[in-house]
Amino acid sequence: MRIDYLTLFPEMFEGVLNQSILKRAREKGQLATRTINFRDYANNKHNQVDDYPFGGGQGMVLKPEPIFNAMRDIETTPETRVILMTPQGQPFNQKLAESLAEAEHLVFICGHYEGYDERIREQLVTDEISVGDYVLTGGELPAMVMTDAVVRLLPDVLGNQVSHEDDSFSSGLLEYPQYTRPRSFEGHEVPDVLLSGNHAHIEAWRHEQALYRTYQKRPDLLETYPLTDEDKKIIERFKR
């Protein structure tokens, strides 16, 4: 995968891209990244990238020229996903991360100030995405969050292809509880079923626990999850 970041603060990406899974993905050649300071494409005396909005109003708006010029300097294909980070966008979730992980090339446009000239949104962008119903200073932090969520889904990045399949949201449910050694810790024991060696019982327990956690913490997810008749019986037991 190749990812380009259009940003006014390219140094913000250095720490994230040079640590942990993202660093290993780059070292193994599974991920190539480039940060592009679109101020370099302003083509005016003071490298100005923003201006006052027509019609009046608060704040400054990003001008179209620097973004358009920077995009012309990126080698794209018809399949390139150009992502505008905006609180008005589609909420980011695991399914969207899985969709983006299928792309070979992503471009993140990370803005600042009050907003974007609408022509950027209309002419350049394929996806408008938000990481939550709140406003941040710029698009850099959301782009980093999305990069981490997407790149870990690429083949062989985690080492074990199934490592992410049991993650919360991947199956539609929250993840079941996990335990490791010691078996007994300060009077708290690991559930016996996990030590039984009976894989069918273990899988049944994990599924039931995933259902319970989802019912307890995110019941809204159950509205779209394909519940079996047995699942419904389990949930009724929780309710009682």
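User: In which loop is H112 placed?

Analyst: H112 has its place in the loop between β6 and β7 (115-116), where helices (H or I, at least four residues) and strands (E, at least two) are DSSP runs numbered from the N terminus. The model is predicted, so local features need pLDDT of at least 70 and side-chain atom pairs count only at pLDDT 80 or more, whereas totals for chains, interfaces and linings use all residues. Residues are numbered from 1 along each chain as its sequence is written, and side-chain values use heavy atoms, with hydrogens and water left out.

User: Why does H112 count as buried, and what is H112 in contact with beyond its neighbours within four places in sequence?

Analyst: The relative accessibility of H112 is 12%, and therefore H112 counts as buried, given that buried means under 20% relative accessible area, exposed over 50% and partly exposed in between (1.4 Å probe, protein chains only). Once neighbours within four places in sequence are set aside, H112 is in contact with L8, F9, L62, T137, G138 and E140, contact meaning heavy atoms within 4.5 Å.

User: What makes the pair of Y5 and F108 stacked?

Analyst: The ring centres of Y5 and F108 lie 5.6 Å apart and the planes are at 10 degrees, so the pair is stacked; rings of Phe, Tyr and Trp (its six-membered ring) pair if their centres lie within 6.5 Å, and planes under 30 degrees apart count as stacked, over 60 as edge-to-face and the rest as tilted. With Y5 in strand β1 (residues 2-7) and F108 in strand β6 (residues 105-109), the pair ties together parts that are 103 residues apart in sequence. Ring pairs also link Y5, F13 and F108 into a cluster, and the count of aromatic pairs under this rule comes to four.

User: How do you know that Y5 is buried and that F108 is buried, and which residues does A143 touch?

Analyst: The relative accessible area is 0% for Y5 and 1% for F108, so by the cut-off for burial each residue counts as buried. A143, found in helix α6, is likewise buried, with a relative accessible area of 0%. Not counting residues up to four places away in sequence, A143 touches Y5, F13, M85, F108 and C110, while its C-alpha atom is separated by 9.0 Å from that of V131, twelve residues apart along the chain.

User: Why are α7 and α8 called oblique to each other?

Analyst: Helix α7 (residues 199-217) and helix α8 (residues 229-239) pack at an angle of about 55 degrees with their axes 10 Å apart, the axes being lines fitted to C-alpha atoms, for helices over the stretch in contact, and the angles running from 0 to 180 degrees between N-to-C directions. Angles under 35 degrees count as roughly parallel, over 145 as roughly antiparallel, 65 to 115 as roughly perpendicular and the rest as oblique, and α7 and α8 are therefore oblique to each other.

User: Which residues of α7 and α8 meet, and how do they divide?

Analyst: From α7, H207, E208, L211, Y212 and Y215 meet D231, I234, I235, R237, F238 and K239 of α8. These residues divide into six nonpolar, one polar and four charged, where Ala, Val, Leu, Ile, Met, Phe, Trp, Tyr, Cys and Pro count as nonpolar, Asp, Glu, Lys and Arg as charged, and the others, Gly among them, as polar.

User: What makes the backbone at N47, at E186 and between R181 and P182 worth a remark?

Analyst: Most residues other than glycine have a negative phi, and most peptide bonds are trans. N47, however, has a positive phi of about 50 degrees although it is not a glycine, and E186 too has a positive phi of about 50 degrees without being a glycine. A cis peptide bond, with omega about 5 degrees, joins R181 and P182, and P182 is placed in the loop between α6 (140-151) and β9 (184-185).

User: Why does N47 count as partly exposed and E186 as exposed?

Analyst: N47, in the loop between β2 (32-37) and β3 (50-51), has 34% relative accessibility and so counts as partly exposed. E186, in the loop between β9 and β10 (188-189), has 66% relative accessibility and therefore counts as exposed.
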